[in-house]
Protein chains: 2
Amino acid sequence: MDTIDRRRFLGMSAALPFVRAPMQAANVQADTDLTRTLAAHVVSARSGDLPAAVRKEARRTLVNWMACAVGGSPHPTLTVALSALGPFSGPAQATVVGRKERLDILHASLMNGISSHVLDFDDTHPPTIIHASSAIVPAILALAEQRPPISGSDFLQALVLGVDVACRIGKSVYPAHYDAGWHITGTAGVFGAAAAVGKLLSLPAEQMVWALGLAAAQPVGLQEMFGTMTKSFHPGRAAQNGLTSALLASKGFTSSNQPLEARFGWTRVLASRRNEAAITDDLGTRYEISINTYKPFACGVVIHPTIDGCIQIRNEHRLQPSAIARVELRVHPLVLQLTGKKAPQSGLESKFSVYHAAAVALIQGAGGVAQFTDQAARDASVVSLREKVVTEVDPAIHEDEVRILVTTTDGRRIDKHVEHALGSVERPMSDADLERKFAALAEGVLPSAQVRRLTELCWTIEDLRDVSDLARAAAIT
Amino acid sequence: MDTIDRRRFLGMSAALPFVRAPMQAANVQADTDLTRTLAAHVVSARSGDLPAAVRKEARRTLVNWMACAVGGSPHPTLTVALSALGPFSGPAQATVVGRKERLDILHASLMNGISSHVLDFDDTHPPTIIHASSAIVPAILALAEQRPPISGSDFLQALVLGVDVACRIGKSVYPAHYDAGWHITGTAGVFGAAAAVGKLLSLPAEQMVWALGLAAAQPVGLQEMFGTMTKSFHPGRAAQNGLTSALLASKGFTSSNQPLEARFGWTRVLASRRNEAAITDDLGTRYEISINTYKPFACGVVIHPTIDGCIQIRNEHRLQPSAIARVELRVHPLVLQLTGKKAPQSGLESKFSVYHAAAVALIQGAGGVAQFTDQAARDASVVSLREKVVTEVDPAIHEDEVRILVTTTDGRRIDKHVEHALGSVERPMSDADLERKFAALAEGVLPSAQVRRLTELCWTIEDLRDVSDLARAAAIT
């Protein structure tokens, strides 16, 4: 798909920085079969009907997810969660990626959701900023170990459908839902986990609706939690809640038949405006996973253009930090809403500071895991430089765009315009980029031979007769 | 406390049907220490400082909770939940009330929250309609079995503080939050569970704030789920989420320091208007549990005046159902919002049908568990009579008030005005009423001697050195 087609597909135009779908007023008559239509689609979808390009993007999504989960597995966030909740785990059914522990599938889903999101390095669905895989893969990967054999082909289809359900529901309430302060990765992600697990459990349509109903009753995630361990808890809990929802529904636990569209349903309670057509338009012919993107930098995605530009400036001009007098950033409004922390005190907080990101990229020429640690957040030269960074919000700037002006102490002015950040729809990460990312994240956590085998298993997932082989290949043995 | 004092205490006036506290516009400056103030209060509260009347009401709350949990324990909702999730339970640490199963404390909390709410027979905090105990007691009762000995006195204090936290936070967003469609028992209840567990874990103030932060990120419950099994899942999941939140925080899992009051905090994201002062006003001198009420009828509380009045009409006039031509109800607006189902198909749905309730009360002269079963919902005479029930909303009618006019086929007009329903603040259930309710709910589930012992243990909870004795006394052995 070329750039123009991809932008059209995203609903973007050249004229507007970030086109938002027309929103329905609260009093417009709803589609009273909305959830049933969506559920029926998931139930009847056949694995063989997925276009090759969709399956390809799903494999890229899986590769990126696994890289992030392995890379995040040693993080203190996961260690703390395991120490707090591990003692309550049931049977040792499922792998915690990158670790030795085996937990019941509900706890494994939570843990793998945390690890795959904690580095803020996972995938992004541009129209909604949903990091879908972190709320979905953990649930179906755990299930695959409990109910073998689930084939790689069925697994990949469940992932495609889960991402589709989460991102379509997300689109139906974006931007109102996100602007209100919800962390959409958790609140919409749970539907994806419920649908994907429900598909692998072969739920009939009524139970699939109930699974979505149970998911609707359990939204997880507020933007206020960004910069704390609770942020990565959101997709983890969404995965766990979605799995729980499908398991309950599979035994006949009843829920609403209109959980999305009813007067007190999810799209109405959790958003002041909505576009329910986004949930069913082109269902089965267009797949949201087709436009999934993958982060080159380990932090909030709206900072990426800034890092990209600052790395370019650093590489082109080799400025000493002390030679920089001022850094001006013209950014999209969401950049300050989401990443406006001026003085981050920890690595997790620094992932939501465009000030820190600009400074560390100008000094170190990178935006990887090492640039967003507690140590990096407290580094004297970074702290000194970030205080020289100023921002200006400009609604005419795209979310994946930035204009940077660096003024040096001797009066030079260096400007840089990043039209589309690396990793965006227009400048996507290549397969080779993803493999390099995988290696960089996984080396040091798992032995090199295991890293290579794990990468290969993700790329060739459709050849797997039993996806529990993939899960086991991700554990420390 | 006499009637006038209790109404004042509730913030009610004689002139207005249901006084609502003044609401803050979204742009009013927030108290930036709101959560810290609340957490510090919970952390520093001393058990010995609780007034005797508060402890008395807490014991009544516990008696009523246990009655409902035992009575609800054989319900299919719980049986299905146990069959779906029981296989994933961890160590057999905690009692499932009224059952043989023992589960890990997280799953036990969920199950006991479901059973105590599934009959819609639990307690009600009138200013918010929060059924607080079902989201709180399950969490601390489970904890008591895992970390013995927790004394009855400490347990009761944790319950008081949990109810206070949940209901104060609920008051801060009522009615906007409730009117939007949230099931406030779950969404606010989770804070109560987190605070109560946090108190028993002796969390320091910072961790108590984080526990509330993790709770804020996990609101459970939409009104759309009323009439389905998911309704009682709400307080169960709230108990489980609150317990999870406190356990995570106790190991250092970080969260926001301003989860309630921040720009994207809970009170702002989940309500269009708020009154944050309700969270801290008279903290430590006034306790929300003091105004807790207990249901005499097993259904949505706003139906209670109708049942009360219809039973009176039935007992006074002994009408044959076939002699009734028409039943007119003038009710508070919430009655139709919450309980407007005209043709309920199941027992769970019938609990949210004022039409069914009026019919069954006129025919059977009762509003107990037996009047809201699948069988009762499908009973031909009930179905026939409920179709003759019409409602008119009148904002001048209190929530605990109704005006009923029955017209007979021979032209008689019988009217009944219920000013305050049985079980309301003005006509509270006596201790003897609660004991009768306990016996009626528990007999048949547990042996009579065990029922008597369990009732006695609840009344004398403060004498218990180890509350795990109470939990074990509620199990089928």
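Two strands are taken to pair if DSSP finds at least two bridges between them, and helices (H or I, at least four residues) and strands (E, at least two) are DSSP runs numbered from the N terminus. On this basis, A:Leu405 stands opposite A:Asp415 in β8(A). The model described here is predicted, so that local features need pLDDT of at least 70 and side-chain atom pairs count only at pLDDT 80 or more, whereas totals for chains, interfaces and linings use all residues. Residues are numbered from 1 along each chain as its sequence is written, chains are lettered from A and ligands numbered from 1 in the order in which they are written, and side-chain values use heavy atoms, with hydrogens and water left out.

In chain A, strand β7 (residues 402-408) and β8(A) pair in the antiparallel sense over 6 bridges. These strands belong to an open sheet of 4 strands with the order β6-β5-β7-β8 and mixed pairing. The edges of the sheet are β6 (389-393) and β8 (413-418) of chain A, each of which has a single partner strand, so one side of each is left without a neighbour in the sheet. Neighbouring strands are turned by 15 degrees against each other on average, direction ignored; axes are lines fitted to C-alpha atoms, for helices over the stretch in contact, and angles run from 0 to 180 degrees between N-to-C directions. Helix α15 (residues 304-317) of chain A packs on this sheet, touching β5 (324-331), β7 and β8 of chain A, and its direction makes about 135 degrees with that of β8(A).

In chain B, 4 strands likewise form an open sheet in the order β6-β5-β7-β8, and the pairing is mixed. Strand β5 (residues 324-331) and strand β7 (residues 402-408) of chain B pair in the antiparallel sense over 6 bridges, and within β7(B) the bridge partner of B:Glu328 is B:Leu405. Helix α15 (residues 304-317) of chain B lies across β5, β7 and β8 of chain B, running at about 135 degrees to β8(B).

Between the chains, 61 residues of chain B are in contact (heavy atoms within 4.5 Å) with 61 residues of chain A. Together the two chains bury about 4,600 Å², 69% of it on carbon and sulfur atoms, where buried area is the accessible area (1.4 Å probe) that two parts lose on being put together, summed over both. Of the area that chain B buries against chain A, 17% is supplied by B:Phe88, B:Phe253 and B:Phe264, more than by any other three residues. Several helices of chain B, among them α4 (76-85) and α5 (105-117), each supply at least two residues of the side that touches chain A, and α12(B) gives the most, with 9 residues.

Some backbone features lie in loops. The peptide bond from A:Tyr174 to A:Pro175 is cis, with omega near 10 degrees, and A:Pro175 is found in the loop between α7 (152-173) and α8 (176-179) of chain A. A cis peptide bond also joins B:Pro148 and B:Pro149, with omega about -5 degrees; B:Pro149 is placed in the loop between α6 (133-146) and α7 (152-173) of chain B.
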